[in-house]
Amino acid sequence: DDKGERVIYLRSQEVATLDGHLLVVGIKRNISNKKPLEDTIKEAEDQDALIIADHPLIPAIRGGLGREKVIEHKNRLHALETNAQATNMFGIFSFGLFKQKPNNELVYRLGEEVGLPIVANSDLHMSYLSWLPYFHGNLDVLGIAYNEFDTLSNDSSKWVNEIKHIIKNNKFRRHHDYVSGLHLFKWQVPLLISNLINKVKK
């Protein structure tokens, strides 16, 4: 735009490993889910991707790697994620009484402990019941949390490595807010229904 600002797009994927979720940014091809964490990290490294432990401290049943796995793999991760939709440390949904913030505060502490930077993320997904009028997914939270970088070259082939360097040196700005309890209800109910249906099919 007139200010010289731009939005860039990098092919990315949230991968569900057998040990928790990873966000891989700048991949050239998709990575299969349900593989051991070690294999997933290796495949992401082979693609020279940015590797982020997304929502690492939410309950494992919802995809958190957990403290021990983060510590074990800290030298192969580029960052940890604070999440606009993360529930609190007890895994209770936020209905206006419980806030997501405590979980993310723990992520900041873990980042300081293991020497990993923190990035913000809205955790945007489409709803599993998006065909219903009310459960339309969560496109409305697009941009509620994002990261702002001052300098990237015009060579898109360099962007992933440039972003790795910027994040490693904390030379960026995080913009973070939290979704409402109502929004979590609209997003989590379809997810729980989908998981239940899958279990019944098995």
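Which residue just after α1 takes a positive phi? Hi everyone, that one is D48, with a phi of about 60°. A quick reminder before I go on: what you have on screen is a predicted model.

Let's stay with helix α1 for a moment, which spans residues 37–46. The buried residues here are L37, T40, I41, E43 and A44. They cover an arc of only 160° around the axis, so they sit on the same side of α1. And what lies over them?

Now let me pick out I41, which is part of α1. Its relative accessible area is 0%, so I41 counts as buried. If we set aside neighbours within four places in sequence, I41 touches L22, I51, H73 and R76. Take R76: along the sequence I41 and R76 are 35 residues apart, yet from C-alpha to C-alpha the separation is 7.6 Å.

On to the aromatics. How many aromatic pairs does a search of the whole structure find? The search returns 1. Its members are F149 and F172, with ring centres 5.7 Å apart and planes at 35°, so the pair is tilted. The pair links distant parts of the chain, since F149 belongs to strand β6 (residues 146–149) and F172 to strand β7 (residues 172–175), 23 residues apart.

Conventions: Residues numbered from 1 in each chain as written. Predicted model: local features only at pLDDT ≥ 70, side-chain atom pairs only at ≥ 80, totals over all residues. Heavy atoms only, no water. Buried < 20%, exposed > 50% of the residue type's maximum accessible area, 1.4 Å probe, protein only. Helix = DSSP H or I, 4+ residues; strand = E, 2+ residues; numbered from the N terminus. Arc of directions from axis to C-beta. Contact = heavy atoms within 4.5 Å. Phe/Tyr/Trp six-rings, centres within 6.5 Å; stacked < 30°, edge-to-face > 60°.
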